[in-house]
Amino acid sequence: MRKTILAITVFTMLLLAAAAAQGAADIPDPPREFYCLDQAEVLSVGTENAIISSGRELSKATGAQIVVVTINSLGDAAVEDYANELFRKWGIGDKKKNNGVLLLLAMQEHKSRIEVGYGLEGILPDGKTGRIQDEYLIPFLKKQQYDQGVIAAYNAILQEVGREYGQEFKAIA
């Protein structure tokens with residue numbers, strides 16, 4: 001009897017785990033050009049290249065990294081959980097300084113998230129990242145002007161990170 005109950009319990013747990021895995025969106029591998037992955041195909045090549053170029057310059061000068069990712073859907077995952085998992089899987093930012101920033105857009109759900117490593121939370125707390133989204137990103141997204149919104153939000157983040165390191169970085173266009 002115990003073996004039967006144990007077998008049913010294990011089988012049920014496996015079914016639940018499989019169902020949960022199917023509902024959550026897969027975390028993509030980082031692209032070769034690490035700083036931008038436009039999986040939802042909403043950004044122009046020019047915007048992608050500007051982000052990549054700026055990201056390289058920022059990383060070389062400070063070790064900090066700003067990464068932009070667009071996805072089609074989160075599946076059943078919460079945007080916060082998905083962003084945190086992607087941030088950790090990709091290892092965004094310097095490992096010791098933990099100074100990475102992720103700008104994530106989930107197109108189907110109309111959600112965005114700015115995930116910040118602990119090393120930059122002092123200058124980019126949740127309140128400030130929320131304001132950046134409200135002021136620089138969301139107004140453009142509502143008009144389906146994805147390039148403009150991502151560029152504006154990226155530049156706002158870039159200026160904050162630059163100030164933290166006492167450096168000025170050219171805004172992307």
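Let me begin with F140, which lies in helix α4. Helices here are DSSP runs of H or I with at least four residues, and strands are runs of E with at least two, numbered from the N terminus. This is a predicted model, in which local features need pLDDT of at least 70 and side-chain atom pairs count only at pLDDT 80 or more, while totals for chains, interfaces and linings use all residues. Residues are numbered from 1 along each chain as its sequence is written, and side-chain values use heavy atoms, with hydrogens and water left out.

Not counting residues up to four places away in sequence, F140 touches Q145, Q148, G149 and A152, where contact means heavy atoms within 4.5 Å. Its C-alpha atom is separated by 8.4 Å from that of V150, ten residues apart along the chain.

I turn now to the helix pair. Helix α4 covers residues 126-142 and helix α5 residues 146-164; they pack at an angle of about 155°, with their axes 7 Å apart. The axes are lines fitted to C-alpha atoms, for helices over the stretch in contact, and angles run from 0 to 180 degrees between N-to-C directions. The two helices are therefore roughly antiparallel to each other, a term for angles over 145 degrees. On the α4 side, the contact is made by K128, I132, Y136, L137, F140 and L141; on the α5 side, the residues include Y146, V150, A153, I157 and E160.

Within α4 there is a kink of about 40°, centred on D134. The bend at a residue is the angle between axes fitted to the seven residues ending there and the seven starting there. Buried in α4 are T129, I132, Q133 and L137. The buried residues of α4 pack against β3 (100-106), β4 (111-116) and α5. After α4 comes Q144, with a positive phi near 60°.

Finally, Y165 is placed in the segment after α5. Y165 is partly exposed, with a relative accessible area of 26%. Leaving aside neighbours within four places in sequence, Y165 is in contact with T62, A64, K97, N99 and L120. Of these, A64 is 101 residues from Y165 in sequence and 9.3 Å away in space, C-alpha to C-alpha.

Note on methods: Angles under 35 degrees count as roughly parallel, over 145 as roughly antiparallel, 65 to 115 as roughly perpendicular and the rest as oblique. Buried means under 20% relative accessible area, exposed over 50%, partly exposed in between (1.4 Å probe, protein chains only).
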